[in-house]
Amino acid sequence: DVYKRQYFRSSKIKEGYPSCNGMRKLALLICICIVLCGLSDRAYAQVHWPWFEDPSGHFAVRLPDGAQTTADTVATDLGALEYITHAAISMGNDGNEARYAVNYCDYPEGIFHRDSIELINAFLDATVEALIANTHGEVLYRDEVEVFAYPARIWKVAIDGGAREIKNKAELVGRRFYSLQSIAPAQASAQKDVDRFFNSFKLIL
């Protein structure tokens, strides 16, 4: 079971920090939800990319028309945690689909301190490793970045023999974990929409 694999190397965590089993589990659930999410037919064949705002999530992003929202509760060793997903699908002229999703959840107070750099980096690295292992794809690139002065990771994996690409960005803003994902054909025309999606994301604090 992919959710139970031990991706997190506990040796990275300083003595006295809380267990990260629940954090790892939820991060992986969030990161792979775009593969599993069930969108109805109304999310298909989109043309327009309006701004989508989530006041509670404190962000805005461009998504194809028809974005759908789900809220799921996950039981972890940190307690019941809720994660929110906004997802949409677009269809190219060739009939190939591309999926986009923004996910976020709030961890309990005190789990991540802004000065706990080692824990934050270990958590983000484990998130990347978990999704890469789950996709069984070829890593095209992965990088450590800062988004709005917060630590983040960005990476892309080729799947289906290179026909499709999964791009991800994960970041921690205080105790809130954000994840952006796309699954799209590798063609340049589809990747332009992927870039539009990722580049449009902005925090509203």
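Me: Starting simple, what percentage of the 205 residues of the protein count as buried?
Reply: In this model, which is a predicted one, 51% of the 205 residues of the protein count as buried.

Me: And how much accessible surface does the protein have?
Reply: The accessible surface of the protein comes to about 9800 Å², and carbon and sulfur atoms hold 49% of that surface.

Me: What is the secondary structure made of, and in what order do the elements run?
Reply: The protein has three helices and ten strands, and from the N terminus on they follow the order α-β-β-β-β-β-α-β-β-β-β-α-β.

Me: How many strands are in the open sheet that holds β3 and β6, and in what order?
Reply: That open sheet is formed by seven strands in the order β3-β4-β5-β9-β8-β7-β6, and the pairing is antiparallel. Its edge strands are β3 (68-76) and β6 (138-147), each of which pairs on one side only, and the twist from one strand to the next averages 15°.

Me: How many bridges do β3 and β4 pair over?
Reply: Strand β3 pairs with strand β4 (residues 79-91) over nine bridges in the antiparallel sense, and within this pairing threonine 73 has glutamate 82 in β4 as its bridge partner.

Me: Which strands of that sheet does helix α2 touch?
Reply: Helix α2 (residues 117-135) packs on the sheet and touches β6, β7, β8 and β9, with its direction at about 10° to that of β7. Helix α3 packs on the sheet as well, touching β5 (97-106), β7, β8 and β9, and here the angle with the direction of β9 is about 170°.

Me: Changing topic, what is the order of the sheet of three strands?
Reply: The open sheet of three strands has the order β1-β2-β10, again with antiparallel pairing. Strands β1 (51-54) and β10 (202-203) stand at its edges with a single partner strand each, so one side of each has no neighbour in the sheet.

Me: How many bridges join β2 to β10?
Reply: Strand β2 (residues 59-62) is joined to β10 by two bridges, and the two strands run antiparallel; alanine 60 is the residue that stands opposite lysine 202 in β10. Helix α3 (residues 188-200) packs on this sheet, where it touches β1, β2 and β10 and makes about 165° with the direction of β2.

Me: What about aromatic pairs, how many does a search of the whole structure find?
Reply: The search finds ten aromatic pairs. One of them joins phenylalanine 59 and phenylalanine 201, whose rings are 5.4 Å apart centre to centre with 35° between the planes, and this pair is tilted.

Me: Why does that pair tie together parts so far apart in sequence?
Reply: Phenylalanine 59 lies in strand β2 while phenylalanine 201 lies in the loop between α3 and β10, so the pair ties together parts that are 142 residues apart in sequence.

Me: Are those two residues buried or exposed?
Reply: Phenylalanine 59 counts as buried, with a relative accessibility of 0%, and phenylalanine 201 also counts as buried, at 6% relative accessibility.

Me: How does tyrosine 178 sit against phenylalanine 201, edge-to-face or stacked?
Reply: The ring centres of tyrosine 178 and phenylalanine 201 are 5.7 Å apart and the planes stand at 65°, so this pair is edge-to-face. Tyrosine 178 belongs to strand β9 (residues 176-185) and phenylalanine 201 to the loop between α3 and β10, so the pair ties together parts that are 23 residues apart in sequence.

Me: Which residues make up the aromatic cluster?
Reply: One aromatic cluster is formed by Trp49, Tyr100, Phe197 and Phe198. The ring of phenylalanine 198 also has the charged end of lysine 167 over it, 4.7 Å from the ring centre.

Me: Which ring does lysine 202 lie over?
Reply: Lysine 202, the residue opposite alanine 60, lies over the face of tryptophan 51 at 4.6 Å from the ring centre.

Me: Last topic, the backbone: what is the phi of histidine 58, and where is that residue found?
Reply: Histidine 58 has a positive phi of about 60° although it is not a glycine, and it is found in the loop between β1 and β2. Its relative accessible area is 36%, so histidine 58 is partly exposed.

Me: And what is the phi of aspartate 160?
Reply: Aspartate 160, which is in the loop between β7 (150-159) and β8 (164-173), has a phi near 55°, a positive value in a residue other than glycine.

Technical notes. Residues numbered from 1 in each chain as written. Predicted model: local features only at pLDDT ≥ 70, side-chain atom pairs only at ≥ 80, totals over all residues. Heavy atoms only, no water. Helix = DSSP H or I, 4+ residues; strand = E, 2+ residues; numbered from the N terminus. Buried < 20%, exposed > 50% of the residue type's maximum accessible area, 1.4 Å probe, protein only. Areas by Shrake-Rupley, 256 points an atom, 1.4 Å probe, with all protein chains shown as cover. Pairing = 2+ DSSP bridges. Contact = heavy atoms within 4.5 Å. Axes fitted to C-alpha atoms, helices over the stretch in contact; angles between N-to-C directions. Phe/Tyr/Trp six-rings, centres within 6.5 Å; stacked < 30°, edge-to-face > 60°. Lys NZ or Arg CZ within 6 Å of the ring centre and 35° of its normal.
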